Amino acid sequence: MRHINVVGAVAGGEVFRFQMSNVQTWMSAALTDQETCTDGFEDVSDCPVKADVIDRATEVKKHTSNALALVNRYAENSVP
């Protein structure tokens, strides 16, 4: 995000939209990866390690989802 092309945002917004689309894609992929991670534990019997990993992944998903919502809002409001 630090390297988003602000000049591109002013010059018609094409570069900015492309860069923001990339950020949104990567963040969405991170959410999918986190979901896939927890899905992999479905066949594992309950144990403290399983609970800990799922709890931590759930916390990361929550933060990633919130960050994606902020990025989406930024992208919507910053396009010229």
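**Helices and charged pairs**

Visitor: Is Lys50 buried or exposed?
Guide: Its relative accessible area is 11%. Buried means under 20% relative accessible area, exposed means over 50%, and partly exposed lies in between (1.4 Å probe, protein chains only). With 11%, Lys50 therefore counts as buried.

Visitor: What kind of model is this?
Guide: Residues are numbered from 1 along each chain as its sequence is written, and side-chain values use heavy atoms, with hydrogens and water left out. Local features need pLDDT of at least 70, side-chain atom pairs count only at pLDDT 80 or more, and totals for chains, interfaces and linings use all residues, since the model is predicted.

Visitor: Which pattern does the protein follow along the sequence?
Guide: Helices (H or I, at least four residues) and strands (E, at least two) are DSSP runs, numbered from the N terminus. The protein has three helices and zero strands. Read along the sequence, that gives α-α-α.

Visitor: Are H2 and H3 roughly parallel or antiparallel?
Guide: The axes of H2 (residues 14–39) and H3 (residues 48–78) come within 9 Å and cross at roughly 165°. Axes are lines fitted to C-alpha atoms, for helices over the stretch in contact, and angles run from 0 to 180 degrees between N-to-C directions. Angles under 35 degrees count as roughly parallel, over 145 as roughly antiparallel, 65 to 115 as roughly perpendicular and the rest as oblique. H2 and H3 are therefore roughly antiparallel.

Visitor: How many nonpolar residues are in the contact of H2 with H3?
Guide: Ala, Val, Leu, Ile, Met, Phe, Trp, Tyr, Cys and Pro count as nonpolar, Asp, Glu, Lys and Arg as charged, and the others, Gly among them, as polar. In the contact of H2 with H3, eight residues are polar and two are charged, while the nonpolar ones number 14.

Visitor: How many salt bridges does the structure hold?
Guide: Side chains of opposite charge can pair when their charged atoms come close. A salt bridge is a side-chain nitrogen of Lys or Arg within 4 Å of a carboxyl oxygen of Asp or Glu. The number of salt bridges in this structure is four.

Visitor: How far apart are the closest N and O atoms of Asp46 and Lys50?
Guide: Asp46 is exposed, at 70% relative accessibility, while Lys50 is the buried residue we began with. The two form a salt bridge, and the closest N and O atoms are separated by 3.2 Å.

Visitor: Where do Glu59 and Lys62 both lie?
Guide: Their side chains meet in a salt bridge (3.3 Å, N to O). Glu59 is partly exposed at 35%, and Lys62 is partly exposed at 44%. They are three residues apart, about one turn of the helix, and both lie in H3.

Visitor: How many disulfides does the structure hold?
Guide: A disulfide is a pair of cysteine sulfur atoms within 2.5 Å. Cys37 is partly exposed at 38%, and Cys47 is partly exposed at 34%. The count of disulfides is zero.
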